[in-house]
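Reader: I have a structure to get through and I'm new at this. Can we go over it together?

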Amino acid sequence: MATREDLVARQIPVADQALPVVQHQTAGLHWPQYVNTHRLIGGLVAGFAALHIADMIGYWLPGIGLPKLDFASFNGSILMPAAAATPQWFEGHIFHTLNGMVFALGYALLIFPRLGKTLTTARNVARGVAMGMVLATLSCLWWIPTQFPDLHAGFMSHNLGWNLVLGVYVWHLAWSLALGFFFNPQD
């Protein structure tokens, strides 16, 4: 096989040299175009990234005066109520990560295709935000009150305070913005 120097010496353009298979398959392919043809992988990546970003935001919410939202601990306390805090957190984190990825896949594979054909970044982000706001509303309206009945959360969890409800919406907004930016197929 000719080396690069041999090709240059013979004045054969190096660009004409065959690319390795992996490099050839992805040459010039940007993430939005990749997501166009690989919706399952795009949904998984978007779900994992969005959940990680949102979880970090949940831990940082006290920095802006909102309560910390540690969904790993919340889920762990529901799944393993008698366990110690550390196993609860790990079990809750695994469950929460899978849950977020499944919601992202549901969005990417079932909901997103039914939302119209025009695919722009702004429209994709708006679609992701809509999904997140639906989940935030379901969380405040149903999930928190039914999973924590002893808290007497009330309608839309308003008995727990405006800052908790706002925190839930901010958390889901972070998740949904990341979902929209990462799952961003283009026409």
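Author: Start with a definition: axes are lines fitted to C-alpha atoms, for helices over the stretch in contact, and angles run from 0 to 180 degrees between N-to-C directions. Also, this is a predicted model, in which local features need pLDDT of at least 70 and side-chain atom pairs count only at pLDDT 80 or more, while totals for chains, interfaces and linings use all residues. Residues are numbered from 1 along each chain as its sequence is written, and side-chain values use heavy atoms, with hydrogens and water left out.

Reader: OK. At what angle do α5 and α6 pack?

Author: About 105 degrees, with the axes 7 Å apart; α5 covers residues 71–79. That makes α5 roughly perpendicular to α6. The cut-offs are: under 35 degrees is roughly parallel, over 145 roughly antiparallel, 65 to 115 roughly perpendicular, and the rest oblique.

Reader: Which residues in α5 and α6 meet?

Author: On the α5 side they are Phe 71, Ala 72, Ser 73, Asn 75, Gly 76, Ser 77 and Leu 79. From α6 come Gln 88, Trp 89, Glu 91, Gly 92, His 93, Phe 95 and His 96. Contact means heavy atoms within 4.5 Å.

Reader: How many of those in the contact of α5 with α6 are nonpolar, polar and charged?

Author: This contact has 5 nonpolar, 8 polar and 1 charged. Ala, Val, Leu, Ile, Met, Phe, Trp, Tyr, Cys and Pro count as nonpolar, Asp, Glu, Lys and Arg as charged, and the others, Gly among them, as polar.

Reader: Stepping back, how many helices and strands does the protein have?

Author: There are 8 helices and 0 strands. Helices (H or I, at least four residues) and strands (E, at least two) are DSSP runs, numbered from the N terminus.

Reader: And what share of the residues in the protein is buried?

Author: Buried residues account for 35% of the 187. Buried means under 20% relative accessible area, exposed over 50%, and partly exposed in between, with a 1.4 Å probe and protein chains only.

Reader: How many residues are in the largest nonpolar core?

Author: It has 32 residues, and those with the most contacts inside it are Leu 69, Trp 171, Trp 175, Leu 179 and Phe 183. At least two core residues come from each of α4 (39–60), α6 (85–111), α7 (121–147) and α8 (162–182). The largest share, 8 residues, is from α8. A nonpolar core is a set of buried Ala, Val, Leu, Ile, Met, Phe, Trp, Tyr and Cys residues joined through side-chain atoms within 4.5 Å.

Reader: What does Trp 171 touch?

Author: Leaving out residues up to four places away in sequence, Trp 171 touches Leu 51, Ala 54, Asp 55, Gly 58, Leu 69, Phe 71 and His 96.

Reader: How do α4 and α8 pack?

Author: Their angle is about 150 degrees and their axes are 8 Å apart. That makes α4 roughly antiparallel to α8. By class, the contact of α4 with α8 has 14 nonpolar, 2 polar and 1 charged residues.

Reader: Which residues meet there, in α4 and α8?

Author: Among those of α4 are Ala 46, Leu 51, Ile 53 and Ile 57. Those of α8 include Val 170, Trp 171, Trp 175 and Phe 182.

Reader: Now α6 and α8. At what angle do their axes cross?

Author: Roughly 50 degrees, and the axes come within 12 Å. The two helices α6 and α8 are therefore oblique to each other. His 96, Gly 100, Phe 103, Ala 104 and Tyr 107 of α6 make the contact with Trp 171, Trp 175 and Leu 179 of α8. This contact of α6 with α8 has 6 nonpolar, 2 polar and no charged residues.

Reader: Is Ala 108 buried or exposed?

Author: Ala 108 counts as buried, because its relative accessibility is 2%. It is found in helix α6. Ala 108 touches Arg 39, Gly 43, Pro 113 and Phe 183, not counting residues up to four places away in sequence.

Reader: Last topic: where does His 152 lie?

Author: His 152 lies in the loop between α7 and α8. Its phi is near 50 degrees, a positive value in a residue other than glycine. At 59% relative accessibility, His 152 counts as exposed.

Reader: And what is phi of Met 156?

Author: Near 55 degrees, again a positive value in a residue other than glycine. Met 156 is placed in the loop between α7 and α8. With a relative accessible area of 19%, Met 156 is buried.
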